[in-house]
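These are my notes from one sitting with the model.

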Amino acid sequence: MRQFLKLIVRNTLRHKLRTGLTVLGLLIAVLSFGLLQTVVGAWYAGANAAAPDRLVTRNAISLVFPMPLHYRDKIRAVPGVKRVGAANWFGGIYQDPKKFFPQFAVDGAQYFEMYPEYRFVEEEKRAFLRDRRGAVVGRKLADTHGFRVGDTLPLRGTIFPGDWSFTVRAIYDGAEARTDTSQMFFHWDYLNETMKRRVARRADQVGVFVVQIAEPARSAEISQAIDAQFRNSAAETLSETEKAFQLGFVAMTEAIVVGIRVVSFVVVFIILAVMANTMAMTARERLSEYATLKALGFAPGYVAALVLGESLAIALAGGLLGIACTFPVAAWFGTQTGTLFPVLAVSPATVAMQLGCALAVGVAAALLPGRRAARVRIVEGLRAIG
Amino acid sequence: MKSIPLAYSVRNLWTRKLTTALTAGGMALVVFVFAAVLMLDAGLRQAMVSTGQPDNIVVTRRSSGSEVQSGVERPQAALVESQPEVVTASKETVVLIAQPKRDSGVVSNVTVRGLSPQGIALRPQVRIAAGRMFRAASTEVVVGRSIAQRFAGTGVGERLRFGARDWLVVGVFDADGSAFDSEIWGDVDQMMQSFRRQVYSSVIARLADPATFDALKQRLESDPRLTVDVKRERQFYEEQSAALSGFISILGLTLSVIFSIGAMIGAMITMYAAVAGRTGEIGALRALGFRRRAILAAFLAEALALAALGWALGLAAASLMQLVHISTMNWQSFGELAFSFTLTPKIVLQSLAFAAVMGFAGGVLPALRAARLSIVDALRAA
């Protein structure tokens with residue numbers, strides 16, 4: 001066995017340049033595969049961060065249509081409901097449309113009670129609740145644009161016309177790595193009072209209600225009970241779990257997610273072609289050696305195992321290096337793209353897939369050359385010249 | 001100076017069929033990704049450009065960004081309509097409805113547009129493909145071609161339920177691949193009523209003379225009674241797809257460049273092996289009087305021929321993608337948008353240049369090594 005391993009290592013190092021290039025190619029392929037899988041994972045970040053005890057109620061026609069404010073009390077009266085918070089998507093522009101980040105007008109106190117994963121400094125939170133024009137920003141958002149507590153944050157309204165100005169009162173951290181800290185929140189009451197003055201008919205209108213329920217197991221039943229309250233009214237509602245709500249967004253951009261997934265496998269095939277070529281060339285050059293080994297009495301299986309072992313050794317080296325590089329590169333990519341991907345973390349599943357792909361490439365690349373090495377007739381092989 | 005015939009390079013590739021096929025195959029995959037991304041972006045742009053008419057303008061609320069987010073009050077709309085430059089104008093309402101897809105049942109946002117007969121006349125690219133146009137002041141709707149294919153309940157004779165009402169689908173229209181193919185159209189007044197809307201979303205108008213646009217834009221945007229943005233229709237729709245188009249091209253080009261490194265390494269390995277395997281041959285060629293430069297050219301030609309093969313294979317596969325239609329949510333308008341991969345002559349040339357760069361980068365180092373071999377050493381190696 002020791003002799004077998006020694007042969008493989010020696011064989012691998014015989015063409016240092018070729019092996020080095022192949023390992024480099026594998027590294028790049030495994031790295032880009034890992035990054036693409038991580039980006040796809042980021043797409044589902046919202047759904048993964050969803051809590052089972054939160055429901056989202058929206059207008060049944062679509063998210064564009066609001067619901068009247070008085071629905072809040074009716075929803076709270078539904079048995080099984082613990083808390084209800086109103087939220088409106090604000091969609092304002094900070095300096096330039098390219099500097100996009102999500103902004104929500106929320107029922108301050110109620111809303112954050114339902115999101116325990118947003119960690120506040122207690123003093124800052126109190127300061128936010130006291131200031132009518134106060135705002136809360138996430139850590140990642142604050143780092144991206146350099147917001148500090150006390151800064152003024154001007155926004156230009158798109159859905160709610162006019163110029164708006166807020167004061168950053170608190171910065172929240174995420175309890176877990178998957179918590180989205182690229183959002184901004186401010187008081188729903190401030191939005192509503194301002195709209196009352198500017199466009200009175202658009203006051204008292206709520207985008208979505210976030211509903212906290214006592215028993216997550218009863219979510220389906222409670223969703224139906226809420227929707228039943230408003231059936232045949234001017235604004236019928238649709239309630240679903242927060243996870244289903246978030247997955248709905250993912251489904252709308254499904255084509256892009258599928259595209260990235262497909263492309264991430266294309267790179268594996270590219271490197272498979274390169275790797276298979278390397279092994280085929282190696283095996284062709286060494287046909288006479290394989291014939292010699294067989295003439296000395298080694299079984300065809302042993303010769304094939306030599307080819308497979310070499311292929312696996314190269315694939316593993318490239319794969320492991322690629323995985324090692326994925327973490328720093330993903331972290332760098334995350335800082336470069338700012339708040340575009342709220343959560344960008346390399347998951348254990350991604351690492352497992354990277355390793356699996358590298359091994360699969362190693363095995364697949366050795367198939368044809370290994371078979372050829374095992375089957376070569378001694379006389380023919382001895383006669384062959386590389 | 002004599003140069004080595006091209007046939008020498010090509011025949012060498014032919015001799016090592018498996019190696020050539022694998023290396024060219026790797027390059028073909030990279031060319032495929034590169035071309036497919038450019039085709040996708042071209043398709044998106046084409047859909048958007050063909051949506052806008054050169055002499056039409058779109059009036060929306062200031063800095064609203066899209067028609068769905070916009071609101072134009074009735075008196076404001078009337079003011080825009082009465083401008084002397086305007087020939088015909090259509091006051092429209094645009095909303096999104098959540099509708100399940102036919103095959104998967106997945107719910108997605110569909111753009112619904114309420115408009116008047118003038119509005120239909122403002123879009124000459126729209127033709128009825130099946131059934132008939134909706135009648136004014138009725139709850140009839142017509143659906144765009146790509147909506148009819150993909151969404152449930154959108155066939156002629158079927159009924160759609162939204163805004164607490166049933167809407168009868170009476171026709172399918174073909175908008176020549178533009179963004180309107182992803183919309184549902186109905187009567188503006190009926191829609192305003194059932195969505196309980198007091199304000200229009202936008203005003204679309206045709207100008208008698210497109211040259212008067214700048215003056216009109218300046219006058220309307222500085223009018224204190226109005227808070228509106230005035231844009232040419234073509235520019236408006238280009239801006240609608242800017243984010244999606246930017247995302248596709250940046251992500252796609254980054255990937256192509258990274259992937260191409262893999263393919264270049266493949267070419268390099270193949271060419272180094274070719275040089276090593278033919279050292280004796282190179283010595284013989286040099287002894288026959290071929291210069292170093294001729295050897296360099298011959299090996300570069302071999303690498304480029306490899307790249308050309310990869311390009312042809314990759315582009316052939318990419319051109320098959322023209323049969324595929326993509327539909328996704330447009331981030332600016334939040335509505336579904338369908339478009340297809342479009343192959344343009346520019347993309348053919350761009351991918352050829354890309355493949356040539358890959359072949360050159362992969363072949364230059366091995367070719368230099370071949371050219372640097374000294375005659376005596378090379379002949380001895382054989």
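I started with Arg196(B), which sits in the loop between α6 (188-194) and β9 of chain B. I take helices (H or I, at least four residues) and strands (E, at least two) as DSSP runs, numbered from the N terminus. Arg196(B) has a positive phi of about 55 degrees although it is not a glycine. I looked up its surroundings: Arg196(B) counts as exposed, with 11 C-beta neighbours inside 10 Å. My cut-offs are 20 or more other C-beta atoms within 10 Å of a residue's own for buried, 12 or fewer for exposed, and partly exposed in between, with C-beta atoms placed from the backbone.

Before going on I noted the ground rules. This is a predicted model, in which local features need pLDDT of at least 70 and side-chain atom pairs count only at pLDDT 80 or more, while totals for chains, interfaces and linings use all residues. Residues are numbered from 1 along each chain as its sequence is written, and chains are lettered from A and ligands numbered from 1 in the order in which they are written.

Next I checked Ala137(B), in the loop between β4 (127-131) and β5 (140-144) of chain B. Ala137(B) is not a glycine either, yet its phi is positive, about 60 degrees. Ala137(B) is exposed, with 11 other C-beta atoms within 10 Å.

Then I turned to α3 of chain B (residues 74-81), where Gln76(B), Ala77(B) and Val80(B) are buried. Why do the buried residues of α3(B) line one face of the helix? Seen down the axis, they fall within an arc of 100 degrees, so they line one face; the arc is that of the directions from the helix axis to the C-beta atoms. Arg74(B) and Pro75(B), on the other side of α3(B), are exposed. The cover over the buried residues includes β1 (56-61), β2 (86-100), β9 (202-207), α7 (213-222) and β10 (228-232) of chain B. Contact here is C-beta atoms, placed from the backbone, within 7 Å.

In chain A I looked at a hairpin. Strands β7 (residues 152-156) and β8 (residues 163-174) of chain A run antiparallel and are joined by five bridges; pairing requires that DSSP finds at least two bridges. Leu153(A) stands opposite Phe166(A) in β8(A). Six residues lie between the two strands, and Gly162(A) in the turn has a positive phi of about 105 degrees.

For the overall form I recorded 15 helices and 12 strands in chain A. The radius of gyration of chain A is 30 Å, whereas a compact globule of 386 residues would be near 21 Å; the radius is taken over C-alpha atoms, and the rule is 2.2 Å times the number of residues to the power 0.38. Its C-alpha atoms fill a box of roughly 95 × 45 × 30 Å along the principal axes.

Which elements of chain A each supply at least two residues of the side that touches chain B? I found 40 residues of chain A in contact with 47 of chain B. The elements are α2 (16-43), α10 (242-252) and α11 (254-285) of chain A, and α11(A) gives the most, with 15 residues.

Last, confidence: the model scores ipTM 0.78 and pTM 0.83. The mean pLDDT (the predictor's confidence in each residue, from 0 to 100) of chain A is 89, and 99% of its residues reach 70 or more.

Conventions: Two residues are in contact if their C-beta atoms, placed from the backbone, lie within 7 Å.
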